[in-house]
Amino acid sequence: MQIETIAVHSGRQVDPATGAVSAPIHLATTFERDADGGFSRGFEYSRDDNPNRRSLETCLAALEGGEAAVAYSSGMAAISASIEALRLHRPGRLVLPQDIYFGVRSFLTDTAFGRSLETIVVDMADQAAIETACREGEPGIVWIETPSNPLVSIVDVAAVTAIAKAAGFATVADNTWATPILQRPFEQGVDVIVHSLTKYIGGHSDVMAGAAIVRVGGPHLDELRAIQRHRGVLASAFDSWLALRGIATLPARMRVHSATALVVARFLEDHPAVAKVHYPGLPSHPGHAVASRQMHDFGGMISFEVQGGRDEAMAVAAALTIFTRATSLGGNHSLVEHRASVEGPATTAPESLLRVSIGLEHGDDLIADLDQALRSIGSSV
């Protein structure tokens, strides 16, 4: 089946009890035993398994083309569980890209487990640097994030995976920004894919959940499930139902996000108040060729730097009327964020940078809003 059909049908069936086309939400925490003490209907206790969570996990595995998925209470729960599970057999260093989601860096500095890891940061556009990092360290994990947050950098997934595997490293790809609709990391040899389901997959800014999907099963899958179950960091029944609902429209939404983002990026690139645009759909982007090869489209995330600095960037954000000033991305509303002020002193984002998540509004309206906001700082730059 094509991915649009998988998104609508995988993990779902008509409810056998009522004929409902949309599955019910199973909020029960416990399930009835059989007379002989067994659980022939497949469920015992909702922390161990739940019909809604099972449906979501089935659909996610099918979307990514993996063997199994494990749904967690947030994207960070999925990220931390993936690192911990893979370290059982790859206890060496964690190789990270220069531009990476701030939550990952915070996890590595703010938790005892994170601080116990040997980490090294490399420019993943420099394959020689990746080879050196892997050669000099005990086999561990190579972390891939593409497109990256917030600078929208592109990593050549196939090249990095080949280097990692040759050195005995496992690979994890954060596919949140691209989603399985735009990018298929398992086809490039990646071992584990993580998602913040809160973002594009949920799609409506109303669900908090995450997932780890494995290409093939093994001890790391067993550990991922054990962490989910025994630490209780599982996606709830309602959040699972919401995420699965979002998946049904994901292919259509990603087409709109991507098409509108490209139009907006072209506008920004030509605007005199904009110093730089970070969007892989533009030929001027250094990762454009790689993105064109490994992605089906370029996604809905744009970062751009205004002429000036922090004050000018904040002024533009304040002047926008259709864009909402808020953290997160992937919903139907367009959002804008001054990333440096969100991340604080440890940020790697330029003070002049604004990150925007292009929603489902009409592109002409978004461009008009950006134009009037950028014109408001024209006299000061």
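Let me begin with the lining of the largest pocket, whose residues divide into ten nonpolar, ten polar and five charged, where Ala, Val, Leu, Ile, Met, Phe, Trp, Tyr, Cys and Pro count as nonpolar, Asp, Glu, Lys and Arg as charged, and the others, Gly among them, as polar. Please keep in mind that this is a predicted model, in which local features need pLDDT of at least 70 and side-chain atom pairs count only at pLDDT 80 or more, while totals for chains, interfaces and linings use all residues. Residues are numbered from 1 along each chain as its sequence is written, and side-chain values use heavy atoms, with hydrogens and water left out.

A pocket here is an open set of points on a 1 Å grid over the protein atoms alone, where a 1.4 Å probe fits and protein lies on both sides within 12 Å along at least five of seven lines, and lining residues have an atom within 4 Å of a point. The largest pocket holds about 420 Å³ of space, a volume being the space filled by probe spheres set on the points, which are joined across faces, edges and corners. Of its 25 lining residues, Tyr101, Asn149, Ser196, Lys199 and Leu329 lie nearest the centre. At least two lining residues come from each of helix 3 (75-86), helix 4 (102-110), strand 6 (192-196) and helix 13 (339-343), with helices (H or I, at least four residues) and strands (E, at least two) taken as DSSP runs numbered from the N terminus.

Turning to another helix, Ala128 lies in helix 6 (residues 127-136), and Ala128 is 16 residues from Ala112 in sequence but 31 Å away in space, C-alpha to C-alpha.
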